[in-house]
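Subject: Structure handover, with notes on what was found

Dear colleague,

My notes follow below it.

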Amino acid sequence: MDARRQHDAQGAQDSPGPVRADRLRMLAAVDESRGDTGVLLAALQHLTTELGGLGGMAHLRLKDFPRGVLRMVAGSGLPEGFTRAWEAIADGGSSAPARAAREGGVVWVAEVGVPEQAAGKPAVRPEDSGVPAGAGLAAVALPRAEGPLGALSVVTPPSARAPDAGQRAFLVDVARWTGGRLRMATPRPEGLSTAMVTEARGEEGAVAAYDWDLRAGRLTIDEMWLAQLRIDRKGTDWAETWGDLLHPDDWAYMLRGNEAAIRAGGSYDGEYRVRRADGGYAWVRDRGEVVRDEAGRPVRMVGTLRDTSRAHAALESVGRALRHMSDGFLSVSGTWRVEFVNVTAQLLLAAPRGLVGRRLWDVPAVRRVAGLRERCERAVADGEPTGFDVRWPDSERWYHLRLVPVPDGGLALYIADITERRLREAAERAAAERAALMARLTRALSEAVTAHDVVEAVAGSVLPPFGATGLIVAVLEHDRLNVVGSTGYPRSFIERVHGTPLPSAATGDALRARAPEFIESVEDFLVRHPQRADLAGAGGKQAAAFLPLIASGRPIGMCVITFDDPRPFGEDERTVLTALSGLVAQALERASLYDAATARARDLQRALLPRALPSLPALTAAARYLPAGRGADVGGDWYDVIPLSADRVALVIGDVMGHGMSEAATMGRLRTAVRTLSDLELPPGEILARLDDVVADLGEDRFATCLYGIYDPVTGRFAHASAGHPPPATVRPDGAVAFPTPVPDLPLGAAAPPYETAETRLPDGSLLVLYTDGLVESRHRDIDDGMDLLARVLRTGRGGGVDALCDEVTAALLPADQPIGDDAALLVARVHRFAPDAVASWPLPQEPVAARRARELVRAQLAAWRLEELETTTELIASELVGNVIRHARGPMALRLLRSRTLTCEVSDASLTTPHIRQPALTDEGGRGLRLVAAMAGRWGTRFTPTGKCIWTEQPLPAGAPGPVRAGEREPR
């Protein structure tokens, strides 16, 4: 035991003792700018040195970490095998840190053991920890006003005894200083540097304390540590011996660092080499703090020395392997300066010398690699490895570049030659494509339905194997060639050749002769078609194959395949292209007939369905219509979204049984009837009752299902009636899916009304999903299974918008690779509730003063909504409507204002009389009120309620006025 250890052994009598007092003064002098990382590491280093320990740990309770867990946020001098077991320990366990953090004070255990693991952390066996058996553990609580924040711990050697009174007092003092210096009011992981956990990982060498008396020039170092490193003293004073043992290349560096620390009175952290007795060198990490006297003069430096030879040996071994490996490798710092480059990379970058230290972007070869700088900067910014293939500048070679960010902000770059692999893959790919060409084109053309499909099939199956870059497919109509599809040409050129008369067309000879024509160069084209010299080399093409399309014994069009470069056509290529032209001709003839029929059907379908769904404050809607098959039959499925008064919305979906023009016409009649009836603002059951009359008038063989519902954004209620239609699905914000429906009624045309109305209340943000049976029912799935599948998709697909949800539902229930047996319609709406302060309602007395009261309420509410510009017109509207009720109707009477994208004013009463605008005579005293209301309001109308009627008006909001406020949102300020 050296003099320092002897002094510490006597500390119980001297407590706190001069050395401990010096340490506390050193901690008190720690720079205020040092963060939580520096505070914890400084405390651990002084505690480890004081107790002669192997290393230290700091555990904290973190707000964002699971409850009942202590997280290790700092470690110094301990092997990774040991700290892995202590990263997250149970707060209620029996380990020394847990007990100290729970009970307070100092806790000592003679056998460090293995702590109780927090949930999810694998146990580590003691023999795998890297700490010698019999090591002890001393822990002290980190005090805070609200209770212990965590604990500081020191692992002591197997021979150490329990801390004496002086050491315990020192532990408590250091913990008190640490708790006071931590800046985080509530500990959070982002408030701690990642270096706190990794500071000592990998530095598993022995550690020793030293004490350097600057005035006497006397240096005291742990003799056991020196013996372990095989460092011999050459003289009587370590201060002189230590300088003699330093490596000559490190002397000046160490001296400058020490002098700077002594002048500044701060800390020193450096690494240098010290000569062993056998002539070799050991790497040493030196960390020290300067101690000042009462006058502020530096008198001593106290610190620790650690053996880091093993880490340097590993780095040198890795460096040798990297330098001579066959692939290129280089690393750059955070400032993009090259720190290491191996032999292969030096040769590849044409910089055999002087590359280290230069900025990467200053190397000419690097600047010529397309996209390299942008990819490197993005990899460092994202912190994620990435890779890409690139053709090396001025070379036919291909390389794969792998970019790997490193923690200090730098980047490692791996360069592998993949030329042979790419050539081999290209050759194999070309052979496979040519072998499968005929089969692939035959299959593609057999599946092609439209002329566009035929063009895509030829472009995808024929052009790549032949290396062609252009395609034109034209049909012959009235002795003119009309282009139906092309690729590889600008639009201006296609417009130029579209509709070319056959006699003057360059392809006319091939079409008249019904034989293909192969043009191998621009010169060849000019020889054959001198009258069309304006087309020579058009579109940048140098060679072409003109393939006439003959179907049913007559020419129907032309297929032109072109190439960027001149090329001879071999006999095999001519034979294959001629055979392909026959397949293309047959497919194009079928597609032309189909296109004509489908165009008529699709035009009718588009005319019968809504062109676009309205954008409404009450809901956001999207819809999909999927026809049963590809053909001319039109289905009878339909949907609609209809705005009503007071920002209520009607949602309707229906299905006319059958397919064809007659069913489509019926669907169009029903949709028109629903829109007309909706203007009357009738309840859902009465709407369906009147629709039943429409279907009954069409004949006994006409049947249809329909669901009609009304959503009110003020109350959140959705009332609906169903005539034989599948029930709607409601999806609440918590994911609960339900199918609310009344007792099923028969379809329209099959039974007499009445139709029952069901009502459900929906929270803000809920989904309403309306659909036809074609979505959930098929030959392979009954309707109950289909509705179960729909519910599962709705539970898991609520994160995106309604458009995305429509795509998810249709993809899950009607996969693209399966034929659809029936038309399917889907309507998805996300409903929005209006905030309570967007609606204001008041009862009014059935007296003449009601009009004045209404004006006062309107003025006050519009001022609160900052809609003063509408005060005059709204007061007048409300006054006229209230006056009409007093004169012509009966109470009770109420006034309601609704602020949305418009300002709605409603006056309700208990009568069922409907007001009408009439033309008053010049001598009439009344009859002008509604005319005045109609002139000032954008829209107005009447709707019936369960207790009477409601007269409503709508006015547009002034420019810049606050918009609608939904539930959960605050009023804009």
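In strand β1, Gly55, Met57 and His59 point one way while Gly56, Ala58 and Leu60 point the other way, and all of them are buried (buried means under 20% relative accessible area, exposed means over 50%, and partly exposed lies in between, with a 1.4 Å probe and protein chains only). Strands such as this one are DSSP runs of E with at least two residues, whereas helices are runs of H or I with at least four residues, and both are numbered from the N terminus. Strand β1 covers residues 55-60, and six of its six residues are buried.

Please keep in mind that this is a predicted model, in which local features need pLDDT of at least 70 and side-chain atom pairs count only at pLDDT 80 or more, while totals for chains, interfaces and linings use all residues. Residues are numbered from 1 along each chain as its sequence is written, and side-chain values use heavy atoms, with hydrogens and water left out.

Which strands does β1 run antiparallel to? One is β6 (residues 150-156), joined to β1 by six bridges, and another is β2 (residues 69-76), joined to β1 by five bridges; two strands pair if DSSP finds at least two bridges between them. Gly56 has Val154 as its bridge partner in β6, and Met57 has Gly75 as its bridge partner in β2.

Two packed helices are described by the angle between their axes and the distance between the axes. Here, helix α24 (residues 661-678) and helix α25 (residues 684-697) pack at an angle of about 145°, with axes 10 Å apart; axes are lines fitted to C-alpha atoms, for helices over the stretch in contact, and angles run from 0 to 180 degrees between N-to-C directions. Leu670, Ala673, Val674, Leu677 and Ser678 in α24 meet Ile687, Arg690, Leu691, Val694 and Val695 in α25, where contact means heavy atoms within 4.5 Å.

Finally, the structure holds 37 salt bridges, a salt bridge being a side-chain nitrogen of Lys or Arg within 4 Å of a carboxyl oxygen of Asp or Glu. One of them joins the side chains of Arg215 and Asp293 at 2.5 Å, N to O. Arg215 lies in the loop between β7 (207-213) and β8 (218-221), and Asp293 in the loop between β10 (281-292) and β11 (298-307), so this pair ties together parts that are 78 residues apart in sequence. Arg215 is exposed, with a relative accessible area of 56%.

With best wishes
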